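Subject: Structure for you to look at

Hi,

Here is the structure I promised to pass on.

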Amino acid sequence: MASTEPQVDDVSMDDEDVATLLGENLVNTILEGGSLDSIKKLLEDGAPVWYQNEAEGTSPLHAAAYTRNPQLAKLLIEKGAVWNAVDYLKITAGDISLSFNDSETYILIRDAGIRAELLLGILSSQNKQKTAQLPSTASNLVLKQDDDTAAGSTDAFLSSKLTYTTDKYGQKVCMVKVRSEEGVEEEVGVMMGWEQGIMEETVRRLVQDHPNSENLTILNVGFGLGIIDTLFQSLPQPPAQHIIIEPHPDVLAHMRETGWYDKPNVTILEGKWQDFIANQKLLGFGGFDIIYTDTFSEDYSALKSFFEELPDILSGPNAKFSFFHGLGATNALFYDVYTYISEMHLANIGLDCTCVYYQDWHRTRRPKPATEAGLLPAVCQAVSANGPEIAPGGAGGAPSSTPKFSSPRNTLSSSTGTVIAIGESSSFNPAPPSQALANSTVTSTGLAFDEEAKLVYGVVLSLRNMIKKISGREEQFTSYRTSAYRMHLFETASGYKFVMLTDPRTEGMRAQLKRIYEGPFLEFVVRNPLVKMDSREQGVDNDNFRAALDRLVRGLPVFL
């Protein structure tokens, strides 16, 4: 008699599928606010702390940062979570903690990064020593991906063509073409005119109170645009000896054209700094009172090697050293990690280090007024931050109800109570802040706030209806692009719509708008019964929300 038992197929999963399921469950459990015990159980069952979900690239550490749970972040780091993992938008868990002002979680992640980078540096050094003793067929430990473009390889950079030109802001720039990961050739700044202010402050700090200021010997590594060397030469008492090391042939040709080879007391060493350390030529100058370095395409290991040579080439205990800190400069977390690492390495060779931060630089530009009855280049008349509140009737009227807004980077506020992306127009000459304030009214912006809101909402509603008619079902769009700007939309289940205007070349910002909703909006608006959420005059009237929103937006990689 035939068996009536059902046939059961042998269903098996490979290790990758299991890791994916466990990792997805771990990320979701953290985001849903699961207990620490339940998360520990998932980790004991083998859930990978390195996992990043397919939808957004969110890792367990990202999720812990979103939930602002330092205890959980510490646990994940102890279990091996990757401190510098980035999601699909190039955002780290540390960036998320910064956007929430969660200093406890951020410091845990930053310190994990410092420990990891120091350990990797030791392993890399040991690996180089072992490799030198092994046959050429031996495999090497790869600690990082090699960058063979002009931006990451000294050899590629020295063989590339540099261009000296002037940008659209009238600043002198030195550019090099680099091929991106997508295979697209793009120009990268080797040195930019906006660095003038940074260099001025650097020279002031290096020269100020120097006991040998009347007879300085100066070494600069990397000429670039020659900004800092020009400042050294412009001192009331020019250097008695000024040595410049520069390896790039195009820069050397530029130096010849601009007369640097003919300047008195200036010596130009053609080559890499490593060459002149190896042949001991730098030692022949007898030590330098001031040393500055700002090279291009060299990584931190090269800079650390330069640190180690300083005791031999500085003139004595009163000598000063400085370098342009561009390490991980496109990411606040990476920048912070390398700030601490460089300070520790300099302390190891007996140098006290002070990191000077510059906040007022080329990314903060004076805003332009709106075009007549138009949305772009700006939808409001922006005014300088922290200015006096002036009534529509002028200085003698009652104070305006528009709240003042402050920011550590002198954020530009607006008479409409919104932060606006400003367009560019070379024909506009901005009025002084005081005049802009005196002339500012709700209607002088080109559009009053309620009209702006109606216009934006009308665009969103019209596009949604058009999409519904085309597709035949209820769908929503996430963005649209014109030649002048791109509008991004994120809509919550409860009907709130978050809109952002950006440069047309910007990638999708829906995830960032979701962060605004889940972060500042829920924290300072939804959970605050005193906030007016339906104001028709000035938007969300809450300084904490505006400050948190400002920090979050300014921390985005696309912010300029």
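Below is what I found, starting with the whole chain and then going through a few places in it.

First, some housekeeping. This is a predicted model, so to speak of local features a pLDDT of at least 70 is needed and side-chain atom pairs count only at pLDDT 80 or more, while totals for chains, interfaces and linings use all residues. Residues are numbered from 1 along each chain as its sequence is written, and side-chain values use heavy atoms, with hydrogens and water left out.

**The whole chain**

The chain has 17 helices and 13 strands (DSSP runs numbered from the N terminus: H or I of at least four residues for helices, E of at least two for strands). Of its 560 residues, 41% count as buried; buried is under 20% relative accessible area, exposed is over 50%, and partly exposed is in between, with a 1.4 Å probe and protein chains only. As for contacts (heavy atoms within 4.5 Å), take those in the chain with a separation of 6 or more: residues 24 or more positions apart account for 62% of them.

Helix α2 covers residues 36-44, and its buried residues are I39, L42 and L43. These cover an arc of only 100° around the axis, which puts them on the same side of α2; the arc is that of the directions from the helix axis to the C-beta atoms. On the other side of α2, D37 and E44 are exposed. The cover over the buried residues of α2 includes α1 (15-31) and α4 (70-78). Just after α2 comes G46, with a positive phi of about 105°.

The packing of α2 on α4 has an angle of about 15°, with the axes 11 Å apart (axes are lines fitted to C-alpha atoms, for helices over the stretch in contact, and angles run from 0 to 180 degrees between N-to-C directions). That makes α2 roughly parallel to α4; the label is for angles under 35 degrees, with over 145 being roughly antiparallel, 65 to 115 roughly perpendicular and the rest oblique. In this contact, L36, I39, K40 and L43 of α2 meet Q71, L72, L75 and L76 of α4. By class, those residues are six nonpolar, one polar and one charged. (Ala, Val, Leu, Ile, Met, Phe, Trp, Tyr, Cys and Pro count as nonpolar, Asp, Glu, Lys and Arg as charged, and the others, Gly among them, as polar.)

**Helices α12 and α13**

Further along, α12 (residues 300-313) packs with α13 (residues 332-348) at an angle of about 25°, their axes being 10 Å apart. These two helices are therefore roughly parallel to each other. From α12, Y300, K304, F307 and L310 meet Y338, I341, S342, H345 and L346 in α13. The contact of α12 with α13 has six nonpolar, two polar and one charged residues.

**Helix α10**

D250 lies in helix α10, residues 249-257. The C-alpha atoms of D250 and K161 are separated by 7.1 Å, although the two are 89 residues apart along the chain. Leaving aside neighbours within four places in sequence, D250 is in contact with S160, K161, L162 and Y164.

H254 is also found in α10, and at 18% relative accessibility H254 counts as buried. The buried residues of α10 are D250, V251, L252, H254 and M255, and what covers them includes β1 (162-166), β5 (241-246) and β6 (266-270). After α10 comes G259, whose phi is positive, near 85°.

I218 sits in strand β4, residues 217-221, and counts as buried at 0% relative accessibility. I218 and P239 are 21 residues apart in sequence and 6.7 Å apart in space, C-alpha to C-alpha. Beyond neighbours within four places in sequence, the contacts of I218 include F232, Q241, F288 and I290.

T293 is in strand β7, residues 290-293, and is buried, with a relative accessible area of 5%. Beyond neighbours within four places in sequence, T293 is in contact with V221, L303, F306, F321, S322, F323 and F324.

Cheers
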